[in-house]
Amino acid sequence: MTDAGDALLRLEGVYTNIGRYRILHGVDFVARRGRVTMLLGRNGAGKTTTLRTIMGLWKARLGKIIFDGQSIAAKETPHIARLGIAYVPENMGIFGKLTVRENMLLATERRGFAQQHLDRVLESFPALKVKWESPAGSLSGGQKQMLAIGRAIIEQRRLLLIDEPTKGLSPAMVDQLVAALLRLKREHTTILLVEQNFRVAEAVGDDVAVMDEGRIIHTGDMAALSTNHALQHRLLGLSMADSL
Amino acid sequence: MSRDWLKQLQRWAPYALTPLVVIAALPVIGLGPWVTLTVAGLTMGIMLFMVASGLTLIFGLMDVLNFAHAAFVAVGAYVAVSVLQPLAGWTNEMSLALNLAALLVALIAAAVASGALGFVFERVIIRQVYGAPLRQILITIGALTVIEQLIIVIWGPQAIPLPKPAMLRGSVFIGSSSIETYRLFALCVGLAVAAAMHLFLTRTRLGLVVRAGVEDREMIQSLGYNIRRVFVGVFMAGTALAGMGGMMWGQYQAVVGSQIGDSMTILVFIILIIGGLGSVGGCFIGAILVGLTSNYVGFLAPKMALGSNILLMALILLWQPRGLFPIAEHH
Amino acid sequence: MAGQINQATEVSTGKALAGPTTDASLTAPRHNPKIGSWLSWIVSDDPPGRVLLNVTLLVILAALLFAPFLFPGTKAIGVASRICIFVILVASYDLMLGFTGIVSFAHTMFFGIGAYGVAIMLANGWVGWSGVILGAAAGAVVSLVIAAAIGLLSLRLRAIFFSMITLAVASFAQIVAEQWRGLTGGEDGLTFSVPAILKPGFRLFPDPVLGVIINGRVITYYITFAVSLVLFLIMLRIVNSPFGLVLRAIRENEFRVEAMGYRVVAYRTLICVFSAVMASLAGALMALVLGYNGPDATLSFSLMIDILLMIVIGGMGTLYGAVVGAIVVVLAEYYLQNALGAMSGAISGMPVMSALFHPDRWLLWLGILFVLIVTFLPQGIVGRLRRRR
C-alpha cells in the first residue's frame with residue numbers, strides 16, 4: 001500500500017443492526033486523505049449500510065468511527081454533515097418538488113452562491129444550467145445524479161460519501177460522471193465511493209476495500225487489484241471481461 | 001402526442017375541481033343564494049385551512065399525527081373569550097378601528113397561548129412518541145381529553161358567549177344576496193394568513209428547509225440542517241394557527257364550548273386526506289372544497305351536509321388514493 | 001398444544017403433584033392431570049400466568065358469576081352487565097390493536113350495528129327470541145360486510161391513513177343513525193319490548209333464592225354473562241392458534257411476514273372482520289340489557305375513548321387486559337364520581353382545586369391515568385404483571 005495521505009476517516013470494529021438484524025459484523029477500514037477509496041462488493045454486502053452508519057442515519061451498535069481525529073459514531077446526522085461530510089445516497093436524495101436552484105441553495109451556507117463554486121459545478125454539469133428553475137423531479141435520471149453530486153460539491157467538503165452514482169445511467173452519462181469525479185480527484189478531494197461498475201472503479205479509485213456479508217474481506221491498492229484478475233474473480237465474482 | 005395531452009389534463013385536474021364545483025352549483029342554487037353560500041363556503045374553508053394547515057405540515061415534516069389538535073383550537077377560543085371580556089369597551093363602540101384593534105389583540109393572544117401550549121406539548125408529549133404511530137395516536141387522544149377537561153376546570157362547564165364586535169354584526173348586501181360582515185372579516189384574515197404562509201414557505205430559507213424536510217427528512221439532515229429544532233417551530237406555528245382558527249370559529253358561532261375543536265376534527269381529517277398528507281397547497285384546496293360543499297349541500301339538503309363531505313372524500317380517494325397532491329412517501 | 005404435550009411428559013415421568021400447585025410457571029394448574037388439561041384446553045393454553053393475576057381474575061370471575069347475589073339491586077346488576085359486555089367489546093378491539101397493531105375508530109360503529117340489529121327487529125314487530133336471534137345475526141352480517149370492505153380497501157394504506165378513514169366512516173354511520181328516523185328512531189333511538197322471560201316483572205321462581213328474586217333482569221344478566229364468557233374463550237382460542245401467531249408476527253415485522261409468503265392484507269382483513277362481528281354481538285347483548293338503543297348508547301365517540309382507556313390501562317395484546325381494564329374503568333365511572341364528590345366537598349374553599357376534583361371531572365383523572373400509563377407502563381396492568389418479553 002502506497003503511503004500517501006493519513007487516514008481522514010477510520011472505521012474500527014463497526015457493528016450495525018437494523019431492527020433485529022445484524023448487518024455489519026465488525027467493519028474495519030480507512031479512507032485516506034486526498035484519495036479516492038472504493039468500497040466494492042456484491043449486492044447486500046453492507047456497503048450502503050456502511051455509508052449510512054458513517055453519516056449517522058443508522059447508529060453503530062459497537063465500534064469506532066473517527067473522522068479527522070474526532071469520534072463521530074454517536075453524533076447526530078446534521079452535526080456530522082456540518083463537520084464537512086457530504087452524502088450522495090443511492091436514491092440521490094433530490095427534492096423533487098423544489099427547483100434545481102433551490103436544491104443547490106440548500107447545500108450552501110451563505111444566502112446565495114459563491115459565483116466561483118457555481119461556475120465550477122455548472123461547467124461539470126451543463127444540463128443543470130438549462131433546468132435551473134425547473135422542479136428537480138422533472139429531470140432525467142442522469143441529470144438528477146448530476147444535481148445530487150453538484151449539490152455535494154458546491155461548497156468545499158472534507159469528505160464525500162457517494163453511493164452507486166452510475167447505477168442506471170447511460171454510457172454517455174457514466175463518462176460525464178467519471179470526468180467529474182476525476183476532476184474532483186485532481187483537486188485532492190477525499191472520496192469514499194461505492195460502485196458496482198468495476199470499470200468506473202478502476203478509472204477513479206486509488207484504494208479499495210471489498211465487503212462481503214457485513215465484513216471487509218480485502219483492502220489494498222486499486223492498481224494492484226486491477227491487474228490481478230484471479231483476485232478480482234475471487235472477491236467480486238467477476239473479471240474485467242464480465243464488467244463490460 | 002395525445003399521451004402528452006392526457007398527462008397535462010391529469011396534472012391540472014385537481015386544480016380544476018374547485019372551480020368546477022363552484023360553477024356547477026350556480027344553476028342548481030340560483031344566483032342570489034349562490035353568492036351568499038359561495039362566500040360562506042370560502043370563509044368556512046379558509047378558517048378550516050388555518051386549523052388544518054398546521055396539522056398537515058406537522059405530519060408531513062415529522063410523521064406525527066396530533067389527535068390533540070382540537071385541544072389547541074379550544075384553547076385559542078377560550079383565551080380569546082378571556083381577552084375580549086375586559087376589552088368590551090372597544091368591541092361595543094361603533095368604531096371599526098377600535099373593533100379591529102380588539103380583535104387583533106385577541107387573535108395574537110389566542111395564537112400566543114396556543115403556541116406556548118404547543119411548545120410544552122411537543123416537549124412533554126410528542127417527543128416521546130416520534131416514530132411510534134400507535135403510541136402517538138393513543139397519547140394524543142389522552143392528552144386531548146385531559147386538556148379539554150382542564151379547560152372546563154378553568155372556565156367552567158357552561159358554554160360561554162363570544163359576541164362579534166359592534167361594527168361586524170349584521171350583513172352587507174350585494175344585489176339580492178346578503179353576506180354576513182363577519183364572514184368578510186374572517187375571509188380577509190384567513191387570506192392574509194394563507195398568503196403569509198405561502199410567502200414564508202416559498203421565499204424564506206427556513207421555509208425552503210421545511211418544504212425539503214417534508215419531502216425527505218433524512219436528506220435535509222444529511223445536508224446539515226437540524227430538523228428537530230425546525231420541527232418545534234413548525235409545531236408551535238401549527239398550534240398557534242389552530243388557536244387563531246378556534247377564536248374565529250368561536251366568534252363566528254357566537255358561543256364557545258369545550259368541544260369546539262371536536263366538531264372540526266372530522267372535517268379537518270377529511271381535508272387532510274383529500275389534500276394529501278403533508279401538502280399545504282392540497283390542504284388549501286381541500287379546505288375550500290369542504291367549505292363549499294358543506295354550504296352548498298347544507299342549503300340544498302341540510303341533513304346531508306357532513307355526510308356529503310365524507311362522500312366527497314370517498315370519491316376523491318377512489319380517484320387519487322393518496323389525495324390530490326401527495327408528497328413523497330417517507331422511508 | 002405445547003402445554004398439553006409438556007404436561008403429558010411431566011405426568012409420565014412421575015411428576016404428578018399431590019395438591020394444588022401455585023407456582024408461577026405458565027402451565028395450567030396440575031393438581032389433577034385430567035382436570036388440569038381440560039382447564040388448559042378451555043383457556044387455550046394461555047392462562048393469565050402469574051399468581052397475582054390468576055387470583056385477581058378468578059376473583060373477578062367469581063364476583064361476576066355471583067354478582068346478583070353478592071351485590072343486590074338494579075344498579076349493581078347494570079354495572080355488572082356493562083362490565084361483561086365491555087369485556088367483549090374491548091377484547092375484540094385488542095385483537096386488532098394489541099395483537100395486530102391496527103388502530104380503528106370504527107369499533108363503536110359495529111357495536112351500534114349489532115345493537116340496532118336487535119333493536120330494529122324487536123321494535124318493528126319481530127318479538128320474542130326469533131327477533132333477537134335474527135337481529136343479532138343480521139347485525140353480525142352487516143358488520144362482517146362493512147368490516148371486509150373497509151379492510152380490503154384501506155388496510156393497504158399507511159396506518160395513520162387507515163385510522164383517519166375509520167374515523168370518517170364511523171362519523172358517517174353516526175350521522176345515518178341520527179338522521180334516518182324511519183329506521184333507527186333518529187336521535188331518540190328505539191325502545192322495544194324484550195322477550196317475556198327477560199322482562200323485569202317475570203319471576204323464574206316465586207320465592208327469592210338466597211335473598212334475591214330471580215326476575216327477568218337477573219336472567220338477562222346471566223345470559224349476558226354466559227355469552228360473554230363463551231365469546232371471550234373463543235377469542236382466547238383464536239389468539240393462541242397458528243392464525244394468532246401470524247398476527248403477532250405481523251405486528252412485530254410485517255415485511256418479514258410478507259416475505260415469508262403470508263398475505264398480510266388478508267390476515268389483517270380477517271381479524272378486522274372477526275373483531276367487528278364480536279363487537280356486533282356485544283352490541284346485540286347491550287340492546288337486550290337496555291331494552292333501548294340510540295346513537296348515544298352505542299355510537300358515541302366517548303365510548304371509543306372508553307374502549308381505548310380500558311385497553312391501555314388493562315394491557316394491550318393480552319386479552320385478559322380487557323377484563324382488568326373494563327373493571328377498572330367501569331367501576332371508576334360509577335364510583336370515582338362519588339369519591340371525587342367527597343373530596344370536592346372537603347376542599348370547597350379553593351375554587352380551582354374544588355373544580356379539579358368535581359365529580360364530573362372523573363374523565364380528567366382517567367385521562368391523566370391513561371397518559372401516564374401510555375408513557376410509563378405501556379404494557380398496562382396485565383402486561384406488567386405478566387412480564388412476558
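Helix 6 of chain A is largely enclosed by the rest of the structure, because twelve of its 13 residues are buried, a residue being buried if 20 or more other C-beta atoms, placed from the backbone, lie within 10 Å of its own. The structure is a predicted model, in which local features need pLDDT of at least 70 and side-chain atom pairs count only at pLDDT 80 or more, whereas totals for chains, interfaces and linings use all residues. Residues are numbered from 1 along each chain as its sequence is written, and chains are lettered from A and ligands numbered from 1 in the order in which they are written.

The buried residues of helix 6 include G142(A), K144(A), R151(A) and I153(A). They pack against strand 6 (85-88), helix 3 (100-105), helix 4 (115-124), helix 5 (127-130), strand 7 (159-163) and helix 7 of chain A. Helices (H or I, at least four residues) and strands (E, at least two) are DSSP runs, numbered from the N terminus. Contact between two residues requires C-beta atoms, placed from the backbone, within 7 Å. For helix 6 (residues 141-153), the end C-alpha atoms are 19 Å apart, which agrees with the 18 Å that its 13 residues should span at 1.5 Å a residue; the expected span is 1.5 Å times one less than the number of residues.

Chain A is divided into domain 1 (7-84 + 157-243) and domain 2 (93-156), with bounds from an automatic or database domain assignment. The C-alpha centres of the two domains of chain A lie 24 Å apart. Eleven residues from domain 1 and ten residues from domain 2 of chain A take part in the contact. On the domain 1 side, helix 7 (residues 171-186) of chain A gives the most, with five residues.

The mean pLDDT of chain A is 87, and 95% of the residues score at least 70; pLDDT is the predictor's confidence in each residue, from 0 to 100. Among the elements of chain A, strand 7 has the highest mean pLDDT (95) and helix 11 (residues 240-243) the lowest (44). Over residues 239-244 of chain A, pLDDT stays under 50, and the model has nine contacts beyond four places in sequence for them.

The contact between the chains takes 16 residues from chain A and 14 residues from chain B. On the chain B side, helix 8 (205-215) and helix 9 (217-222) are the elements that give two or more residues.

In chain B, L162(B) is placed in the loop between strand 1 (160-161) and strand 2 (171-174). L162(B) is buried, with 23 other C-beta atoms within 10 Å.
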